[in-house]
Amino acid sequence: MNDPEKRIIIFDDDEDILAICSYVLEEQGWEVHTFTDCNHVIERVSSIKPSVILMDNWIPDSGGIVATQMLKKNEELKNTPVIYFSANNDIHLLADNAGAETFLAKPFDIDELERIIDSALHSSV
Amino acid sequence: MSDTPQLTLDATMGKNHQIPVAKHFDFNHLPIAVYTCDNLGYITSFNKAAEVLWGRKPEIGKDLWCGSWKIFYTNGEPMDLDTCPMAITLKEGRAVEGKEILIERPDNTRVKVRPYPVPVFDEDGLLTGAINTLVDVTNLTEGEEKRAILAAIVDTSDDTILSKTLQGIITSWNKAAEKMFGYTESEALGKHISLIIPPDRLDEEKHIISEISKGNTVDHFQTIRVAKNGRKIPISVSISPIIDSNGNIIGASKIARDISEQRAANEAIRRYTERLEIINAITETISEDLDLSKILQKVTDATTRLTGAQFGAFFYNNIDANDESFMLYTLSGASKEAFEKYDMPRNTAVFKMTFNGEGVVRVADITKDDRYGRSAPHYGMPPGHLPVVSYLAVPVTSRSGSVIGGLFFGHPEPDKFTAEHEDIVTSIAGQAAIGIDNAILYEEIKNLNEKKDEFIGLASHELKTPLTSISGYLQIISRLNTDDNTQKFVDKTANQVKKLTSLVSDLLDVSKIEAGKLQLAKEEFDIRTVINNVIELIHFSNVSYQISLDTDIESLTMIGDPDRIEQVLINLLNNAIKYSPGNNKVKLLLSHSDREVKIGVKDFGIGIAPDNLTKVFTRFYRVEGTNHTISGLGIGLYLSNEIIIRHHGKLWVESELGKGSTFWLTLPLFNNTLLPEIN
């Protein structure tokens, strides 16, 4: 039943955040894949082929910025929208520079989360 | 001449007697004064020279004893005429010799004369009169006296006075010269002057002689001469030509003064001045500088220079677990590499004294000291160590009494450090200790401050993560079908989480400001829109409050960070509400000029005392005397002020206790210099 386009990967080392996002997004019909580190980011993203990526900043091993840069340098994956989320607002600029499409500050409104992911999905199509 | 009686010895002298000597002998042309008296003392004849000497003509047969009626002893006391030598000769019938008298002429000039009165007797041996020869000794005596005086001066002078020929042969040598140079007069006379000239200064003599030969004098020429025992004496010498009666230069006279003491005094003054300057400079550094390494380097450099040490160092009193090693901090006179080859100085008997605070160690030759060479493995200095022989170590003791470290000085020659050096270094060490204490304190505070900011940053981040989860779960709960009560409590919890989140954000912002890392994301935006949002937001959580906006502005574009400006306005409005208990009105004022926007937040609450008007913008300040139920960390206004300053704007407050406060801010509408920060 799942819309094949509504596939998302969430990179975050906090299990609760993964649980919250998964709950909210699955309710919306998303196929949610979660990872608590950002290792093998290219391989994972290549094999799952998500339509949207949610990337945490403070995540082992390389951190969200490096992982985003790697994704955006990859010819096949660079068009997959990355929503960067962090408790540190100052990362906003770094995330922009790394190529992330959107920034979401933690703590966040789940309405806002839904809206951003939705608009990312449509921009990627 | 006709007025002058012929002084001839055929003249009848006296009333009754004749002088039985050669007749027709004319005394008148003798260049020396001669006169005769009869046996009663009346002048019977005198020659021209006598008249000149007296300055008057005596009356023959009337003037008694002498042609001058005013005579004096040589000491200036008046002499009675009838006690003059001529009177004595006549009264006592004997010649008088060697008595000098002064005679005064009518024109008040005085001459010194030596009379030679001789009695004249007749064939029967009766005294018939006397003949007196007056020798004018005025000039004669002065010449003698001068010579005597000069001889006395030369003899008693503390300065060397000598004379030499143009060939440099010593012709006179006074007592002072004997004393100064150690050669007796007989040793020096006839010798060449190079006797006292150091070999490297022989050229000076050629120059001096050439000047003297030209008739010039050499004044106050400072040089070095050498004594018999080899001691070098700094002297100041004046040399003048000696000219004979025909005007030929035949030699040189030389007055030499030993200026060792003067030199030493000058040197002492120079040293004291230098020391004062150094001590001043150190005190200045210490009072102005809080940079520990700079203070230590200056102190080490200055004390090394003052003591004349070849190298100086400051070692920290950091003894490691093995009871060894003092940390080298600064060095002067040697490179750090010179020490890097070795381990730090170890806790040997030599060093221990200083670090144990036992006081100053000053040793003329450390290699001969009892405490030296007692410790393995080197039993002395390690091979290749800076060659220390003279050794001075002064502990630097903090106010608390603990030894901070020590100043160490070395010199490859023995006996280089004096008690005076010790005193100076000790007093500088005292000054330095104060500076070091302050610098250490300052560094500790700086470190603490950095650690605290780092902690706040980390803590804020770590706090936000669970807040994110809590807020997420709460939002999920409120989406579930819950009863009204549950919904109410979830909303209240979510509201508290928001407050907590905002406090954490503020703390994070403070740490960023302190670290200079607060970033502004500037863009063009409508300030009116921001104000509308803020009013809506505040009203949403404070429904009972009436927030009115007083403005004509519909829309106003400016450049800045809209999120940060919103943060400031939210903070000011929250404060206005917080400090107006029992009141439900807050006013917002918005106006603008060509260049800036002005916003006011006016409440009718408790107000601020005049003394506290500026304090409210300081970090962690909370209005004194307020009810403790008014919560807050005291960082809101501090943050707001920093944000406004970063926008090149101004934030201030007008207030009256009990009537309320108005916080005003102005922001430049367009400040192009801010734009680059967007990128």
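1. A quick definition to start: the expected span of a helix is 1.5 Å times one less than its number of residues. Helices here are DSSP runs of H or I with at least four residues, strands are E runs of at least two, and both are numbered from the N terminus. Keep in mind that this is a predicted model, where local features need pLDDT of at least 70, side-chain atom pairs count only at pLDDT 80 or more, and totals for chains, interfaces and linings use all residues. Residues are numbered from 1 along each chain as its sequence is written, chains are lettered from A in the order in which they are written, and side-chain values use heavy atoms, with hydrogens and water left out.

2. Now look at α8 of chain B, residues 292-307. Its 16 residues reach 22 Å from the first C-alpha to the last, close to the 22 Å expected at 1.5 Å a residue. Several of its residues are buried, among them Leu292(B), Ile295(B), Leu296(B) and Val299(B) (buried means under 20% relative accessible area with a 1.4 Å probe, protein chains only). An α-helix has 3.6 residues a turn, so residues three or four places apart point the same way. Just after α8(B), Gly308(B) has a positive phi of about 70 degrees.

3. Over to chain A. Along the sequence, chain A runs β-α-β-α-β-α-β-α-β-α, giving five helices and five strands. Of its 125 residues, 52% are buried. Among contacts in chain A with a separation of 6 or more, 59% come from residues 24 or more positions apart (a contact is heavy atoms within 4.5 Å).

4. Next, the interface. Chain A and chain B each put 20 residues into the contact. Together they bury about 1,900 Å², 59% of it on carbon and sulfur atoms; buried area is the accessible area (1.4 Å probe) lost by two parts on being put together, summed over both. On the chain A side, Trp58(A), Asp90(A) and Pro107(A) supply 29% of the area that chain A buries against chain B, more than any other three residues.

5. What about charges? The rule finds two salt bridges across the interface, a salt bridge being a side-chain nitrogen of Lys or Arg within 4 Å of a carboxyl oxygen of Asp or Glu. One to click on is Arg479(B) with Glu114(A), at 2.4 Å from N to O. The elements giving two or more residues to the chain A side that touches chain B are α1 (15-27) and α5 (110-124) of chain A, and α1(A) gives the most, with six residues.

Note on methods: Buried < 20%, exposed > 50% of the residue type's maximum accessible area, 1.4 Å probe, protein only.
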